[in-house]
Amino acid sequence: MLLHAGTGSSPGWREQIRAFSAAGFRVLAYDRCGHGRSEGSGCGVASQDLHALVDLLSIRNLSLVGTAAGAIVALDFSLTHPERVTRLVLANTHLSVQEEDYVALQKRLRPAPHFDTLPPDLKELGPSYRAANPEGVKHWLALEQASRQKGAPTLPKTANRITFAALGTLPMPTLLLTGDADLYMPPSVLRLLAARMPHATTQVVPECGHSAYWEQPAVFNTAVLDFLRNRGQNQ
């Protein structure tokens with residue numbers, strides 16, 4: 001199951017849907033409340049919506065691949081229903097951890113209000129990608145502008161309070177992945193989070209910002225497929 005970013009919706013996963021399907025996986029992606037084709041009024045706890053969806057589809061066990069805000073949903077679902085998650089991929093995400101020192105760290109990385117006023121592509125696409133792929137930036141912006149409906153929540157509501165202690169309870173193999181130029185989850189933060197997760201492996205994607213699935217799809221897809229096939233390594 002692919003869980004999109006707060007600036008995205010299910011069409012953004014096109015490269016992953018193609019690659020993972022070709023590798024023999026059953027791949028599903030959906031639009032969360034307030035994004036894409038899902039109505040945005042009265043959005044509740046996003047992981048509960050995911051639970052209702054997988055129950056409706058009679059899916060008992062699944063691997064979750066989430067990026068940015070989608071990774072927060074994947075984590076929240078995994079904390080509530082760990083018996084149903086075989087493998088967990090958390091990409092380019094601060095995970096919304098509610099620890100005083102960690103919240104302060106995140107504020108230092110992206111000081112308000114200045115950071116919030118930046119265009120979304122400057123915040124979420126790395127400088128290497130923006131320099132080399134102007135057409136890709138235009139396409140990403142078009143999808144971003146079409147994805148989030150007015151009033152949609154910036155961060156998904158969670159059923160659990162995300163803490164370091166909660167991260168330590170995750171029983172499933174977990175891949176933490178980020179870009180070396182990610183302003184939300186730089187490699188040092190990736191290592192900080194991985195140290196709290198007993199079954200975590202990590203990967204840093206070079207020349208990449210906050211949207212590894214989009215900026216470096218070949219690297220992202222290989223890393224995720226290797227992990228799902230139990231060949232992931234710390235890098």
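Author: A strand here is a DSSP run of E with at least two residues, a helix is a run of H or I with at least four, and both are numbered from the N terminus. The model is predicted.

Start with the second largest pocket, which holds about 290 Å³ of space. Of the 15 residues lining the second largest pocket, Met1, Phe25, Arg26, Leu62 and Ser63 are the closest to its centre. Two elements, E2 and strand E3 (85-91), each give two or more residues to this lining. E2 has the largest share, with three residues. By class, the lining of this pocket consists of 10 nonpolar, three polar and two charged residues.

Strand E2 (62-67) also meets helix H2. In H2 (residues 46-56), the buried residues are Ala46, Ser47, Leu50 and Val54. Viewed down the axis of H2, these buried residues fall within an arc of 95°, so they line one face of the helix. What do the buried residues of H2 pack against? Their partners are strand E1 (2-3), strand E2 (62-67) and helix H3 (69-80). Just after H2, Ser58 has a positive phi of about 60°.

Leu50 of H2 leads on to the largest nonpolar core. That core has 36 residues, and those with the most contacts inside it are Leu50, Leu64, Leu90, Leu167, Leu176 and Leu193. The elements giving two or more residues to this core are H2, E2, H3, E3, H4, helix H8 (164-167) and helix H9 (187-194). H3 has the largest share of this core, six residues. Leaving out residues up to four places away in sequence, Leu90 touches Gly66, Ala71, Ala74, Leu75, Leu95, Thr174, Leu175, Leu176, Leu177 and Met197. There is also a second, separate core of 24 residues, including Val137, Trp140, Ala212 and Ala223.

Trp140 also lines the second largest cavity, together with Thr7, Gly8, Ser9, Gly12, Leu143, Glu144, Ser147, Tyr213 and Trp214. About 70 Å³ of space lies in this cavity. Helix H7 (134-147) and helix H10 (212-215) each supply at least two residues of its lining, and H7 gives the most, four residues. By class, the lining of the second largest cavity has four nonpolar, five polar and one charged residues.

How many cavities of 30 Å³ or more are there? The count is three. The largest cavity has a volume of about 110 Å³. It is lined by 13 residues, and Arg32, Cys33, Ala46, Pro153 and Pro156 are the closest to its centre. The lining of the largest cavity divides into seven nonpolar, three polar and three charged residues.

H4 supplies the largest share, four residues. The lining divides into 13 nonpolar, 10 polar and seven charged residues.

Terms used
Residues are numbered from 1 along each chain as its sequence is written. This is a predicted model: local features need pLDDT of at least 70, side-chain atom pairs count only at pLDDT 80 or more; totals for chains, interfaces and linings use all residues. Side-chain values use heavy atoms; hydrogens and water are left out. Buried means under 20% relative accessible area, exposed over 50%, partly exposed in between (1.4 Å probe, protein chains only). The arc is that of the directions from the helix axis to the C-beta atoms. Contact means heavy atoms within 4.5 Å. Ala, Val, Leu, Ile, Met, Phe, Trp, Tyr, Cys and Pro count as nonpolar, Asp, Glu, Lys and Arg as charged, and the others, Gly among them, as polar. On a 1 Å grid over the protein atoms alone, a cavity is a set of points where a 1.4 Å probe fits but cannot get out, and a pocket is an open set with protein on both sides within 12 Å along at least five of seven lines; lining residues have an atom within 4 Å of a point. Grid points are joined across faces, edges and corners, and a volume is the space filled by probe spheres set on the points. A nonpolar core is a set of buried Ala, Val, Leu, Ile, Met, Phe, Trp, Tyr and Cys residues joined through side-chain atoms within 4.5 Å.
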